[in-house]
Each structure stands twice: as C-alpha cells, then as structure tokens.
Amino acid sequence: IYNSTIDRTGKGGVSDSNLQMATDPSLVFDSQKCAESIAIVKTASQSGSNTVNQRANKSWGTVLSGKYFEPKTGIHRWAVQMTKCERGHIFLGVATSRASTKTYVGGDKHGWGLIATQALWHDKKKIRSDYGNTFRTGATVVVTLDTDAGTLSYALWREGGKSGLIEDSPAQELNFESADNGLMKSKGFLEDWGIAFEGLPLDTRLCPAVGLYQRDDKATLIGVKSIGNGSDLNGVDSSFLKGRCYFPSLREMENVRQWNSSLCEQGIVHAATILNHAIKSLSTENEISQVEEDCLFGRILPSIASSLGIFPSMIPTLSGRAAYTLLPIILKCLKRLDEKIT
C-alpha cells in the first residue's frame, strides 16, 4: 500500500486531500480476456492476479481487467506500474468487453490506449504522437476515467524533485510511504498530462486494459482511491468492489444535467426559430432584399451551422434531442435554399 499526500496549495504542508494507492482485491486481470501469449502472474506478496508477463517475442497482446466501470458512475482511478518496460512497448488504457486481445489497446474500435512512447491510439489509428512523456521500467502511471464526461487522462508519478517534468505541466507534490514494511519513504510529483481521449462511449462498461509486445515485459495493476486525513488506511474501502465515484457528487451531477438540459433547450428553440424564419423568407416568391440576403446568408445561417457543433456528442440525450428537432428543419431549409439558387 502506498499512501500519498497531495499538496494542492503549492505552498507546502499537508492538505485535507489524500491519494491512497493500494492493492484492490477486485482489480485483477481476467484470464478469459487475455491474449494467449500473456501470462497472468500471482506472487506471494499479492492478494490477486494483477501482474502480467508477455511470454512471446515481438507479438502484441492485450489483457483486460475483470473489474469494469459502469456508465455515469463518476470518476475512477487506478495505477499501472511498469515492472519491466525497457523499450516502451506497453499500452495502457481502457476497452470494452468486445475488444480483441490479439492486438494492442486501441488496435480496434473497442479500445483506447497510450503507448509508453507518447502516442495515443484508437481504432488502429494514431490519434496523437506527442502526448505526455515517455516512461519505462519502474514508472508508475495513474489512469483517470471519467464515466460521466467520457474522458480518459493519464499522469506520471516522478520520484524526487521536479527535474524532468514537462514545462508548464501541472504537478502535485506527493509523499509516498510503503505500508508493507514501513521502511520505504519517498517524495515525488504527480505530473498531470491532461485529457488524452474524449468522446468515450457513455452506454457501455469500460475495463482497464494493458497491452504487451516484448518478451518478458511486465506490468502491475494498482488500485487508487481518495481518502481524508481521518480515514483508516489499513482497510480496503468497500466501494473498491464496485468502482469508487470520486467527483462530482450525485447532487452536483444532477445540477449539471439540469443546466446542460436547459442550455440545450434554449439553443434548440433559438436555432429552430431562426431556421423557420429562413424557410419562410426563402419560400416567398418575392426577391429577397440585399440587406436580408447579407444578414441571412452572411451571418445567421453560418452562425447556426457553427452553433450546432456546441451540442455535446458525448451526451447522447442532448445531442439526440438536438438532432431530432433541428435536422428536419435544416433539411427543409436546405431544400428551399437549393430551389432559390437554381
């Protein structure tokens, strides 16, 4: 178990917010969702099977955790320690139960993964090649999944000083203390790399996933949870078993949903009003004045077209409502516009 105190003030000292890294009994790899070339290892010091080893040479394989996170259950965190990663050929990320284990994480449309060489992959496509920083053997990467917003983020824990941190990267000072023997104490910084993936599905379960390529490369899953100063660090929180929700609270989430819904409703009404006005103007037999034409085609319609992109695709309820209401009006408007031009 690793206990870490986060200094959020930037002025030193201990704050009320702590991060505990501990063996999570439910955060183990699933032998039924594991590539044939990968072995799930259980050591004497581990209570679960949360270390994996690549037995083949230069062969991609993925293994999923048996623990999954339901949609709309808040923010979940876990860590992956690079037990052996000499060439950076390890993928970390999430996947659905339909992901293939015969490729890397992100090697199909059911996975999203970061390789240790700074590239982000999804659906066999490299999304970005300069995310975060490289990491190798001994590194510990904290993964954060937001099941409400549909985002995936990564952070790297660096032991010692701030040397090597990405310039202008947010860094939280951490104090790690091993609870296994009480001997190992170290200080470091959590280098936050920000959001890596957006638009993750909000209607399906997502599992932590690891992909290995080089022979004898190893990775270990470590549970992560937030605690208060008065919390008991020795026990394992029961919420570990179902995926802990960190932020926001249910009441806060309801306020956010209501605000999003209200904003979406107002936007739909405004867009529909302008589009219907455009249809009426385009339907008249009289010629449109130059002023009306400049206003309609130069300002109003382009603004409506741009504003449609504001509706969040990651929230199916809102984007669906916008589509069902506005698309028929948009098509009718385009038809009238085509008739007017031709």
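Are tyrosine 131 and tyrosine 154 buried or exposed? Select both: tyrosine 131 is buried, and tyrosine 154 is buried too (buried means under 20% relative accessible area, exposed over 50%, partly exposed in between, with a 1.4 Å probe and protein chains only).

Before moving on, a word on the model. It is predicted, so local features need pLDDT of at least 70 and side-chain atom pairs count only at pLDDT 80 or more, while totals for chains, interfaces and linings use all residues. Residues are numbered from 1 along each chain as its sequence is written, and side-chain values use heavy atoms, leaving out hydrogens and water.

Next, the aromatic rings. The whole structure holds nine aromatic pairs (rings of Phe, Tyr and Trp, the last by its six-membered ring, pair if their centres lie within 6.5 Å; planes under 30 degrees apart count as stacked, over 60 as edge-to-face and the rest as tilted). Select phenylalanine 69 and tryptophan 78: their ring centres are 5.5 Å apart and their planes at 15 degrees, so this pair is stacked. Phenylalanine 69 is buried at 3% relative accessible area, and tryptophan 78 is buried at 1%. Back at tyrosine 131 and tyrosine 154, the centres are 5.9 Å apart with planes at 70 degrees, so that pair is edge-to-face. Then pick Trp60, Phe91, Tyr104, Trp121 and Tyr213, which form one aromatic cluster.

Finally, show strands β8 (residues 90-95) and β16 (residues 207-212), an antiparallel pair with six bridges (strands are DSSP runs of E, at least two residues, numbered from the N terminus; two strands pair if DSSP finds at least two bridges between them). Here leucine 92 stands opposite valine 210 of β16.

Conventions. Helix = DSSP H or I, 4+ residues; strand = E, 2+ residues; numbered from the N terminus.
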